[in-house]
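Hello,

Here is the structure I promised to hand over. My notes on it follow below.

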Amino acid sequence: MDYRTEAPPILRDFLVYHETIQGHSRRTVDEYYLDLRNFFRYLKQSKQLVSKDVPLDDISIADVDLDLARNITLTDIYSYMNYLSRDRGLNNTSRARKVATIRSFYKYLTNKAKLLEVNPVQDLDSPRLKKSLPKYLNLEESLELLDSVDGKNFSRDYCILALFLNCGLRISELVGLNKTDVRGDQLRVLGKGNKERMLYLNDACQRALENWLTERDSLTLVDQNALFVTLQNRRRISTAAVHKLVKKHLAAAGLDSSQYSSHKLRHTAATLMLQNGVDVRTLQEVLGHDHLNTTQIYTHVDNEDLRTAARANPLSRVRQKKKPEKEPDSQ
């Protein structure tokens, strides 16, 4: 699939903008294209712009232009959301992502390309999402995970887990690390949207990196740049390989590997930092979040400080009196 050749100009310009200016990954941009392609297929079908005998997945969007994009209403989009829920069985999270894509497309047409004077989806509501707290390991479980590491890949795997648990890296950031990104007690990380950030390495991470680099530098590598490589083919480690090793060591530590993942180790790092005095704005910088509200979910996790605050209220020591015996009915 190549959106540059398949998408009509009005969609292609939006997608190129996100890939080149916003720095979104090709995978993310491809998902935007699929979302918009499906939306405009449905729109053409619902407005009877194609024969009713043509299956939705066979409808061409090559003729989608500004006139069609301009003449949509919120009713059209809510009808599309209903179709996704009823006929496609998509849950609220999946439908909310598609709403976000449509909203982003029309924001581009209005604010960036200046092709629309009025944004027809300005008041578009997203499906209500159930808020869930992030799963994470507590300190004892984190220590057990690190203690469980063993085997021929010990130095590499221990270093990877240490960086996840101490720095809160995304898996894409970890596999993308180069040796030159390690700069003394700092680590250069390339995050979402190709945004760089510098993280300070604590003593545990520095020791883990030193041990791994000693072993790594003794290998004959195919990829000389990659910080983490597989010992089998000496190339940059893949996200699939990292997922596999994380699951392996979770199981070895007696932890439920079906409940935790590399991303849960990122949650763990964030939670442990917050519980031990790191303020939420600093945590935002560490995690590479664009918006503070993304980071603030960690302020709602189980926090001993909240327990302490609850106990500090002098009313916490008040004991309830026994329920008085029922008096005879005087009436």
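In the sheet, R188 stands opposite M198 in β3. The model is predicted, so a few ground rules come with it: local features need pLDDT of at least 70, side-chain atom pairs count only at pLDDT 80 or more, and totals for chains, interfaces and linings use all residues. Residues are numbered from 1 along each chain as its sequence is written, and side-chain values use heavy atoms, with hydrogens and water left out.

**Sheet**

Strand β2 (residues 186-190) pairs with β3 in the antiparallel sense, over five bridges. Pairing requires at least two DSSP bridges between two strands. Helices (H or I, at least four residues) and strands (E, at least two) are DSSP runs, numbered from the N terminus. The sheet is open and has three strands, in the order β1-β2-β3, with antiparallel pairing. β1 (182-183) and β3 (196-200) are at the edges with a single partner strand each, so one side of each has no neighbour in the sheet.

**Helix α8 against helix α12**

The axes of α8 (residues 154-167) and α12 (residues 262-275) come within 6 Å and cross at roughly 45°. Axes are lines fitted to C-alpha atoms, for helices over the stretch in contact; angles run from 0 to 180 degrees between N-to-C directions. The two helices are therefore oblique to each other. The classes are: under 35 degrees roughly parallel, over 145 roughly antiparallel, 65 to 115 roughly perpendicular, the rest oblique. α8 makes the contact (heavy atoms within 4.5 Å) through L161, F164, L165, N166 and C167, and α12 through S262, L265, R266, T268, A269 and M273.

**Helix α2 against helix α6**

The axes of α2 (residues 9-21) and α6 (residues 92-112) come within 11 Å and cross at roughly 95°. That makes α2 roughly perpendicular to α6. On the α2 side are I10, L11, D13, F14, Y17 and H18; they meet T101, S104, F105, Y108, L109 and K112 in α6.

**Second largest pocket**

The second largest pocket has a volume of about 360 Å³. A pocket here is an open set of points on a 1 Å grid over the protein atoms alone, where a 1.4 Å probe fits, with protein on both sides within 12 Å along at least five of seven lines; lining residues have an atom within 4 Å of a point. Grid points are joined across faces, edges and corners, and the volume is the space filled by probe spheres set on them. Of its 15 lining residues, N153, R156, T230, Q232 and A241 are the closest to the centre. α11 gives the largest share of the lining, four residues.

Best regards
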